[in-house]
There are 2 protein chains.
Amino acid sequence: MRVPIVVDRGSDVPLHRQIYEGWRDGILARRFRGGDKVPSTRELAGALGLSRATVTAAYEQLSAEGYFETMHGAGTFVCRELPDDAPTVGRKALRPAFRAAPVALSRFGQRLGTAYAPQPSGTGLIDLSRFGPDLETFPLRLWRRLLVRHLRDAQPPLFAHGGDAGGYMPLRRQIAAYLARSRAVHCDADQVIVVNGSQQALDISMRLLVDTGDEVALEDPGYPGARQLALAHGARVQPVRVTSDGLHLADLRGSPRLVHVTPSHQFPKGASMSLARRLELLEWARRRGTVIIEDDYDSEYRYSGPPLPALQGLADGVPVVYVGTFSNVMFRGIRIGYVVVPRELVAPFTRAKWLADRQSPLLDQAALAVFMGEGHLERHVRRMRRLYRSRREALVGALERHLGDDAVVHGDAAGMHALVGFRVADVRERARRHAVRMTSADPYYLSGRSPNEFILGFAAIDERTIVEGVKRLALRVS
Amino acid sequence: MRVPIVVDRGSDVPLHRQIYEGWRDGILARRFRGGDKVPSTRELAGALGLSRATVTAAYEQLSAEGYFETMHGAGTFVCRELPDDAPTVGRKALRPAFRAAPVALSRFGQRLGTAYAPQPSGTGLIDLSRFGPDLETFPLRLWRRLLVRHLRDAQPPLFAHGGDAGGYMPLRRQIAAYLARSRAVHCDADQVIVVNGSQQALDISMRLLVDTGDEVALEDPGYPGARQLALAHGARVQPVRVTSDGLHLADLRGSPRLVHVTPSHQFPKGASMSLARRLELLEWARRRGTVIIEDDYDSEYRYSGPPLPALQGLADGVPVVYVGTFSNVMFRGIRIGYVVVPRELVAPFTRAKWLADRQSPLLDQAALAVFMGEGHLERHVRRMRRLYRSRREALVGALERHLGDDAVVHGDAAGMHALVGFRVADVRERARRHAVRMTSADPYYLSGRSPNEFILGFAAIDERTIVEGVKRLALRVS
């Protein structure tokens with residue numbers, strides 16, 4: 001018998017796999033033809049010096065996949081049923097001779113913008129570029145305990161698909177009560193829809209409300225996640241400037257489909273929208289039929305006076321979609337946020353969430369419901385409010401002391417970051433040379449250019465390091 | 001002093017909140033006017049018989065929110081700065097007199113279809129309507145241990161936003177290796193993108209590839225999740241019938257943008273696509289420039305012969321998007337799936353995932369990487385393969401025994417469900433009367449009508465109960 005295939009005992013590939021691939025590739029390349037007689041497992045095992053079981057395993061797979069066919073009494077043959085035009089595909093499998101035509105992206109795909117490139121962490125660096133919460137102070141042990149409790153006790157329902165795409169009802173009730181207490185949001189639990197963080201809330205909102213060519217009004221500067229989504233949805237973006245008491249309403253033109261605002265603590269300029277401005281915006285939206293997306297991303301952190309009540313609670317008769325997230329008050333890795341929608345949007349929103357990814361993980365939702373129900377969330381927020389306030393004061397104090405008029409801090413005493421304008425032409429160069437990382441505000445402006453502004457995150461970095469970072473920025477580049 | 005507001009000591013609302021709301025509502029309703037003098041905290045506390053601290057807390061909030069303004073030396077006044085057109089909003093806040101115009105949905109929103117309504121569980125019912133895996137046999141204790149290990153040891157990176165929107169790299173490597181071993185999928189780890197289950201894989205694929213009006217070819221009958229998405233994206237759906245060796249290629253017309261197929265185990269008919277058919281489909285797709293979405297949702301479970309290799313691994317030069325999920329091999333609640341994309345789609349897919357919801361939860365990804373790396377996943381799949389095979393045999397055997405020619409089982413010995421055609425006109429009535437729940441195949445057909453077919457899930461139900469359920473179906477309704 002002429003040995004039809006070869007095997008390599010030194011290879012990592014199991015021998016039965018080598019036999020399988022040898023035949024498959026040979027058939028696809030037409031080295032073997034439909035109807036060719038195949039040696040028996042005994043013959044081939046003998047010729048290759050292998051156990052018969054090894055060859056049999058490969059033959060069974062080849063038969064199951066349709067490469068071999070067995071005629072009772074006559075033996076095994078290469079299958080005749082391979083299609084006439086298979087060889088082109090087959091040969092390519094061995095020698096990729098041509099390139100496929102490039103895949104044409106949808107218009108959505110073409111409008112996605114550039115790929116996300118995460119910043120690597122540096123060493124020896126003072127990193128003021130992170131806007132997220134402090135992880136060191138989060139009660140991870142408690143959180144673990146709650147997760148473990150649910151992992152142990154509440155098995156089947158939490159491990160199965162659970163009821164409602166809108167989320168785990170006990171959590172939705174907790175969120176509704178929390179928002180009523182802390183934000184004067186008026187809603188029932190079934191208007192709360194649990195999503196994977198605020199980005200998904202924005203994405204689903206735009207999918208439901210924005211058609212290609214629609215106008216969407218966005219704060220300028222503003223949150224890039226909202227702008228990138230609006231552009232990907234094919235919206236015409238209408239930039240609205242931001243003043244010290246919020247959105248500059250005079251910039252609003254026409255009747256945009258929606259306006260995205262961050263009234264508690266404008267991102268990134270830091271202004272709180274005054275009550276007067278809030279009422280004006282609501283009245284304006286009511287007249288135009290514009291939906292307001294109220295993105296309350298870090299409303300928990302105000303360091304002077306109680307938080308302002310949400311637009312949502314003032315907005316009778318004006319559709320407000322209220323967006324919040326736990327990733328700023330807990331930790332970034334928790335992919336749970338929520339959206340409070342007008343009653344008429346509950347069904348479409350739930351359906352869109354179901355079509356997008358079914359539902360958010362139930363186990364995390366269940367642990368979070370207890371975390372809130374037992375008061376841990378609000379306790380943690382209160383502690384963080386004190387901590388972040390001190391850190392903000394350290395930042396602002398150090399900027400005054402070391403840079404004086406050369407640094408202007410925008411916005412209210414609130415949140416987890418401050419927008420700082422520098423009157424130092426070479427501040428970028430200073431940061432680079434003295435190993436301070438800061439986020440330029442340039443990409444937060446629709447023009448892509450800020451007046452030498454930077455967004456300094458202070459929540460996740462201790463006071464001493466904050467002060468040291470500012471001192472470095474005050475050092476000239478010699 | 002005339003007492004301007006009233007409080008109710010019997011109410012659950014805290015007194016400071018009642019004071020706050022009394023003033024706020026009065027101002028918004030114009031019972032108090034801008035410039036009105038406000039009694040001092042001492043005066044109001046005296047008049048209401050409350051502690052001064054209670055009143056002060058309310059006044060501070062009213063000042064912070066802009067309802068009150070303080071003029072040094074002159075006292076506190078209702079703020080003059082409320083906008084002229086505020087009263088309409090304000091009055092509505094008290095008496096919702098008009099209804100807002102209904103919110104206009106986007107075309108996507110209008111095409112969503114009807115809301116998702118989960119089926120409640122019944123008692124005393126034999127439930128053959130669930131297609132999911134068996135939860136009882138999943139090594140939950142081990143899974144918990146892995147989660148807890150990561151909860152304990154690997155804190156900061158897993159609790160922060162982690163590197164890449166495409167997923168946790170050790171998991172992506174495990175998936176690539178697993179797919180190479182078990183499915184002959186050829187890819188590098190960076191072509192694997194982790195998503196929240198296969199539904200998100202399909203959604204992002206369609207967002208990237210389908211424009212309104214594009215043709216999308218779908219199996220008929222087929223997976224409703226894919227059809228609903230295609231319709232929501234505004235695709236023109238081209239139904240392709242399914243035969244015993246897979247897609248009926250002669251039904252394909254024109255050059256659809258994409259074709260969604262379930263070649264391992266057609267959903268719901270259960271056919272495996274033959275090798276010949278696979279090669280034909282690839283060649284057809286290559287000529288038309290059509291992208292193939294290969295949805296390999298339960299390929300792990302074949303009960304005769306080894307699994308067929310994926311289209312993806314045969315498809316040199318043809319763009320195949322390979323979709324898989326862990327919710328069928330582990331448990332439904334794990335919201336982790338994956339998609340393997342051609343190299344040129346890695347960047348758009350990662351970007352779209354980032355815009356949709358940033359990334360899938362890292363903690364679950366990390367635990368899963370170890371679960372796979374230590375061989376637990378494949379061990380579990382092997383055990384389930386034996387278990388589900390027995391359950392399928394119990395179902396098929398009972399149908400033969402008790403219904404004979406009145407029940408036709410379609411498809412191969414594979415998967416977690418079987419499509420069964422009944423030649424019993426009143427089978428629905430029998431199921432209802434004898435408390436057997438089955439899923440009608442009607443909505444799986446584009447026409448909405450099946451030839452009296454039902455999809456029977458056998459994976460999550462023991463053999464004795466399966467047999468009992470079938471016996472009940474054999475009972476006439478007297």
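Reader: What makes Arg149(A) partly exposed?

Author: Its relative accessible area is 28%. Buried means under 20% and exposed over 50%, with partly exposed in between. The 28% of Arg149(A) falls in between, so the residue is called partly exposed. Keep in mind that this is a predicted model.

Reader: Why is the pairing of Arg149(A) with Glu374(A) called a salt bridge?

Author: The closest N and O atoms of the two are 3.7 Å apart. The cut-off is 4 Å, between a side-chain nitrogen of Lys or Arg and a carboxyl oxygen of Asp or Glu. The distance of 3.7 Å is within it, so the pair counts. Glu374(A) has a relative accessible area of 40%, so it is partly exposed.

Reader: How do you know that Arg149(A) and Glu374(A) link distant parts of the chain?

Author: They are 225 residues apart. Arg149(A) sits in helix H6 of chain A, while Glu374(A) is in the loop between helices H14 and H15.

Reader: What makes Asp412(A) and Arg302(A) a salt bridge?

Author: Their closest N and O atoms are 3.6 Å apart. That is within the 4 Å limit, so the name applies. Asp412(A) lies in the loop between strands E13 and E14, and Arg302(A) in the loop between strand E10 and helix H12, so the pair ties together parts 110 residues apart in sequence.

Reader: Are Asp412(A) and Arg302(A) buried or partly exposed, and how do you know?

Author: Take them one at a time. Asp412(A) has 24% relative accessibility, which puts it among the partly exposed. Arg302(A) has 11%. Since 11% is under 20%, Arg302(A) is buried.

Reader: What makes Asp296(B) and Arg183(B) buried?

Author: Asp296(B) has a relative accessible area of 3%. Arg183(B) is at 3% too. Both values are under the 20% cut-off, so both residues are buried. The two form a salt bridge, with closest N and O atoms 2.7 Å apart. Asp296(B) is in the loop between strand E10 and helix H12, and Arg183(B) is in helix H8, so this bridge ties together parts 113 residues apart in sequence.

Reader: How many salt bridges are there over all chains?

Author: A search of the whole structure finds 48. Some join up: Asp127(A), Arg130(A) and Arg437(A) are linked in a network.

Reader: What makes the link between Asp442(B) and Ser450(B) a polar contact?

Author: Their side chains are joined at 2.8 Å. The limit is 3.5 Å for a pair of N or O atoms, so 2.8 Å qualifies. Asp442(B) lies in the loop between strands E16 and E17 of chain B. At 11% relative accessibility, it counts as buried.

Reader: What is omega for the cis peptide bond from Asp220(A) to Pro221(A)?

Author: Omega is near 0 degrees. Pro221(A) lies in the loop between E6 and H10 of chain A. In chain B, a cis bond joins Asp220(B) and Pro221(B), with omega about 0 degrees.

Reader: What is phi in Ala435(A) and in Arg358(B)?

Author: Ala435(A) has a positive phi of about 60 degrees although it is not a glycine. Arg358(B), also not a glycine, has phi near 70 degrees. Ala435(A) has a relative accessible area of 23%, so it is partly exposed. Arg358(B) has 9%, which is under 20%, so it is buried.

Definitions and conventions: Residues numbered from 1 in each chain as written. Chains lettered and ligands numbered in written order. Predicted model: local features only at pLDDT ≥ 70, side-chain atom pairs only at ≥ 80, totals over all residues. Heavy atoms only, no water. Helix = DSSP H or I, 4+ residues; strand = E, 2+ residues; numbered from the N terminus. Buried < 20%, exposed > 50% of the residue type's maximum accessible area, 1.4 Å probe, protein only. Polar contact = N/O pair within 3.5 Å; in protein donor to acceptor, adjacent residues only side chain to side chain.
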